[in-house]
Amino acid sequence: MFGHRSDGKKVKNMNIIEKAGPFFMPQRIDAVNLIKVQVPCAPLDEFIAKERRNGKHYTYTHILFAMLVRVLYTRNRMNRFIMRGTTYQRNYISISMDIKKRLEDEADDITLKLYFTGRESLEEIKDMIDSEIAKNLEPETVHKTTKAAGKLCHLPDFLFRWVMALIRWLDKHGMMPKALIKASPFHTSCFVTNLKSIKLPAIYHHLYNFGTTSMFISMGKEKMEPYVENNKELKIAKMLTLGMTLDERIADGFYMGKTLKLCKDLLANPECLVDKMPDDGSIPKRLLKKSKKKVKKTKPKKVKDKPKKIKPLKNKIKHDSKKKKHLEEN
């Protein structure tokens, strides 16, 4: 209450534009920025194949989650949210994901919410995702989010509407219970949908006005697409598309631009995600530069101008005199 929340700390000393933005755009849906990110699959496929030979089975989802955890840890402004015109820095890193128990129309949907410190290795993130999915895919298991929603859904419509209005009011004033925030998939750093698993292309998903999610990412089915290599040569390669929806109020364009570049660099260099984050929280630059192939500059060969052979003048004079004498005799 009065600007204090259990899931975030109020950001102070903001500049005028950052401070005024949430008041010009009071709702999250007012401040949506959309961007499509094309990721070459070759580095990802090479990395997955190499690790598989070592007995470790990674997927695009594992790598995407590991990238997001690194980005949210190193670029912490992306882990902010806006509530009632106030900007908060989130106290934790979490990613929500929606899954289906079976690929059938009537199968139940489950929304998972995983918490991270930000320094986990790729293998630790993989184990967390796989264990959480395996646990919730069991027929008897009911996820805590589903339990909470189930209780509300049993209420008559008018009571459901009143309860939701009360929850929204509590959330806006920082009085929402911690247990409810923990169970809510909408109070998260980032929401991910894996449309690749059902062979659909990436979409631009909306941001929810309810909750505190400031970033939504959809991963589509990879496909062959044309691209220009080194701004010179047109080629065709397998590309993975990410549809990103961002709340522009949490950071300026320059900060978001650098963040998107880091996302692409990490996906182009999955080796950066294998080890735990260093103590200083930095990503080794030597790994990020690994994928950038250096083009050798070839020096043009120097062509030496060969001097023209000049016939001796003496021979020419002798030849001309013989020719003249021959003509006189005739």
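Q: Which residues have the most contacts inside the largest nonpolar core?
A: In this predicted model, the largest nonpolar core has 50 residues. Those with the most contacts inside it are Phe65, Met67, Leu68, Met78, Phe116, Leu240 and Leu242. Helix H3 gives the most to this core, with ten residues. A second, separate core of five residues includes Ile167, Met176, Ile181 and Phe210.

Q: What is leucine 240 in contact with, leaving aside its neighbours within four places in sequence?
A: The partners of leucine 240 are Val37, Gln38, Val39, Cys41, Leu44, Tyr60, Lys196, Met219, Gly220 and Glu222.

Q: Is leucine 260 buried or exposed?
A: Buried means under 20% relative accessible area. Leucine 260 has a relative accessible area of 17%, so it counts as buried. Leucine 260 is found in helix H8, residues 253-268.

Q: Which residues is leucine 260 in contact with, beyond its neighbours within four places in sequence?
A: Leucine 260 is in contact with Ile35, Val37 and Met244. Isoleucine 35 lies 225 residues from leucine 260 in sequence, and their C-alpha atoms are 9.7 Å apart in space.

Q: What is the volume of the second largest pocket, and what lines it?
A: Rolling a probe the size of a water molecule over the atoms shows where empty space is left. Here the second largest pocket has a volume of about 560 Å³. It is lined by 18 residues, of which Asp98, Ile99, Lys100, Asn194 and Ser197 are the closest to its centre. Helix H3 (60-74), strand E5 (93-100), helix H4 (122-137) and strand E7 (190-194) each give two or more residues to the lining.

Q: How many residues of each class are in that lining?
A: The lining of the second largest pocket has eight nonpolar, six polar and four charged residues.

Key. Residues numbered from 1 in each chain as written. Predicted model: local features only at pLDDT ≥ 70, side-chain atom pairs only at ≥ 80, totals over all residues. Heavy atoms only, no water. 1 Å grid on protein atoms, 1.4 Å probe; cavity = no way out; pocket = protein on both sides within 12 Å on 5 of 7 lines; lining within 4 Å. Points joined across faces, edges and corners; volume = space filled by probe spheres on them. Helix = DSSP H or I, 4+ residues; strand = E, 2+ residues; numbered from the N terminus. Nonpolar A, V, L, I, M, F, W, Y, C, P; charged D, E, K, R; others polar. Buried < 20%, exposed > 50% of the residue type's maximum accessible area, 1.4 Å probe, protein only. Contact = heavy atoms within 4.5 Å. Core = buried A, V, L, I, M, F, W, Y, C linked by side-chain atoms within 4.5 Å.
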